[in-house]
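Welcome, and please get your viewer ready for a short walk. We will go from one selection to the next and look at what is there.

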Amino acid sequence: IPVCGGGAICSFNEVNFSVVGCTLSVSAVVFRSLKTILQGRLLCDQNVDSITLCYYMAPFNLTILATASALTEGTRPFRTLFKAESSFAEQFYLWIWLLVSGFLACSFNILSYMTIKHLSPVGTNVIANAKTPAIILMSTLFFGNPVRRLQWLGLLVTFLGILLHSRKGRLLEVKKIADQH
């Protein structure tokens with residue numbers, strides 16, 4: 001709660017604040033957390049390895065992303081991909097970049113599953129939710145963006161939440177594992 005609360009405090013009085021954007025952001029956090037917890041259950045409780053989980057998740061991800069691509073970009077990428085309106089050189093480079101992109105996406109997913117397994121779903125979500133305050137801090141350091149006192153308070157709450165989880169959350173997880181044996 002402190003990590004999410006710190007992120008919420010950081011967004012108060014933001015110049016570019018949007019209720020729709022905030023609602024979508026909170027929804028994304030909820031669904032990402034749900035997905036991470038379910039993946040954690042598969043990886044830890046069901047002893048599914050990272051590569052097998054990636055194998056089973058890939059068709060669902062392909063369906064979702066292909067549908068989103070068709071809805072937002074139309075059929076042109078598919079026509080270009082299957083030589084309806086492109087030269088051999090364009091086809092070659094397109095397929096090379098698709099293979100490289102697919103390899104990187106697969107590697108990222110396997111590494112994220114390994115992170116979930118080793119840090120726990122809660123630890124992974126704590127790190128993911130600390131992203132917004134960290135971006136605010138980095139934009140202040142690198143670009144000199146102004147930060148209000150309330151945003152500094154949000155950063156402090158977030159980082160204290162991370163510290164609290166690293167101290168107490170790990171102890172609770174170790175105790176839970178010890179109680180199971």
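Predicted model: local features only at pLDDT ≥ 70, side-chain atom pairs only at ≥ 80, totals over all residues.

Now draw the two helix axes. Two packed helices are described by the angle between their axes and the distance between the axes. For α2 and α3 the angle is about 135°, and the axes lie 10 Å apart. The two helices are therefore oblique to each other, and their crossing is right-handed.

Next, select Ser-50, which belongs to helix α3 (residues 50–73). Is Ser-50 buried or exposed? With 10% relative accessibility, Ser-50 counts as buried, because the cut-off for buried is under 20%. Show its surroundings, leaving aside neighbours within four places in sequence: Ser-50 is in contact with Leu-43, Ile-110, Tyr-113 and Met-114.

For the last stop, go to helix α2 (residues 19–45) and select Asp-45 and Arg-41. Their side chains meet in a salt bridge, at 3.9 Å from N to O. The structure holds 1 salt bridge, so this pair is the one to display. Asp-45 and Arg-41 are 4 residues apart in the helix, which means a separation of about one helical turn. Colour by accessibility and you will find Asp-45 exposed at 53% relative accessible area, while Arg-41 is exposed too, at 54%.

Technical notes:
Residues numbered from 1 in each chain as written. Heavy atoms only, no water. Salt bridge = Lys/Arg side-chain N within 4 Å of Asp/Glu carboxyl O. Buried < 20%, exposed > 50% of the residue type's maximum accessible area, 1.4 Å probe, protein only. Contact = heavy atoms within 4.5 Å. Axes fitted to C-alpha atoms, helices over the stretch in contact; angles between N-to-C directions. Parallel < 35°, antiparallel > 145°, perpendicular 65-115°, else oblique. Left-handed = near helix turned anticlockwise from the far one by under 90°.
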